[in-house]
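This report describes a protein chain and its ligand.

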Amino acid sequence: MDIDLARAWVKAIAVAVDQHKDHLTQLDSAIGDADHGVNMHRGFSAVTTALEGVEPDTVGAVFIKTGTTLISTIGGASGPLYGGAFRALGKALDTPAAEPLAFAGALAAGLESIQKLGTAVPGDKTMIDAYAPAVAAFEEQIRQGAGFAAAAAAAADAAEEGMRATTPLQARKGRASYLGARSVGHQDPGATSTALIFRALADTAAH
Ligand code: ADP
Ligand code: MG
Ligand code: MG
């Protein structure tokens with residue numbers, strides 16, 4: 001993971017969020033307040049603009065800028081959660097180029113940040129249900145000798161599987177939890193945007 005890949009990844013997330021904005025909002029209209037697509041779009045559009053004007057000299061600086069911008073532009077729960085995760089990722093990568101295992105550790109720091117702030121655990125029907133398996137898959141692939149791109153592809157697959165697995169769950173965190181049993185049968189919006197984030201990483205790393 002180097003500065004160019006970091007920038008390209010964040011840009012690819014912005015493109016994916018733009019393409020899937022309506023879908024994310026639709027999912028949030030079923031079990032939330034119908035703004036997840038709007039929130040993510042506002043945040044990553046601002047990130048794209050914020051990164052245009054800077055020449056970061058570390059991978060971490062790209063992610064810290066991303067996180068800070070998300071926190072200051074997204075009103076919903078996803079702002080501080082994703083923003084904090086990107087800041088944690090950035091703090092762990094104070095280097096112009098990171099080895100895959102160091103990146104795996106940074107992803108884990110991002111997960112820790114989300115869990116510390118939101119106190120969700122796997123199975124609560126949140127972004128954690130996509131993020132946690134993605135981090136585990138990435139690290140496992142690297143430890144088994146896979147390259148960055150293959151590990152990122154495995155992470156994206158795991159995130160999508162985790163995303164789909166949120167459908168039968170009852171939400172225990174966030175707005176969807178207010179619905180109780182009525183949250184069952186709907187895919188979680190945040191798990192869906194997390195899957196987009198990891199698919200964007202896989203696509204970026206493959207090129
Ligand atoms: P809001 O719910 O404030 O409108 P968003 O709609 O942007 O914010 O984001 C909703 C998503 O945030 C949910 O689908 C869920 O994945 C995630 N989320 C909400 N609360 C938590 C939490 N405590 N921990 C982890 N993720 C959470
Ligand atoms: Mg919402
Ligand atoms: Mg909201």
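Helix H6 is mostly covered, with 13 of its 16 residues buried (20 or more other C-beta atoms within 10 Å of the residue's own, C-beta atoms being placed from the backbone). Helices here are DSSP runs of H or I with at least four residues, numbered from the N terminus. H6 spans residues 128-143 and reaches 22 Å from its first C-alpha to its last, close to the 22 Å expected at 1.5 Å a residue; that expectation is 1.5 Å times one less than the number of residues. Gly-145 follows H6 and has a positive phi, near 100°.

The model is predicted: local features need pLDDT of at least 70, side-chain atom pairs count only at pLDDT 80 or more, and totals for chains, interfaces and linings use all residues. Residues are numbered from 1 along each chain as its sequence is written, while chains are lettered from A and ligands numbered from 1 in the order in which they are written. The mean pLDDT (the predictor's confidence in each residue, from 0 to 100) of the protein chain is 98. The complex has an ipTM of 0.99 and a pTM of 0.98.

Ligand 1 is surrounded by 23 residues, each with its backbone-placed C-beta atom within 6 Å of the ligand. Gly-76, Gly-118, Thr-126, Gly-174 and Gly-190 are the closest. H8 supplies the largest share, 3 residues. The following helices each supply at least two residues of the shell.

| Helix | Residues |
|---|---|
| H2 | 36-52 |
| H4 | 78-91 |
| H5 | 100-118 |
| H8 | 189-206 |

UniProt, in an unreviewed entry, lists residues 4-203 as "domain: DhaL". The end C-alpha atoms of this span lie 14 Å apart.

How values were computed: UniProt positions are given in the numbering used here, feature names are shortened, and annotations may be inferred rather than shown by experiment. A residue is buried if 20 or more other C-beta atoms lie within 10 Å of its own, exposed if 12 or fewer, and partly exposed in between; C-beta atoms are placed from the backbone.
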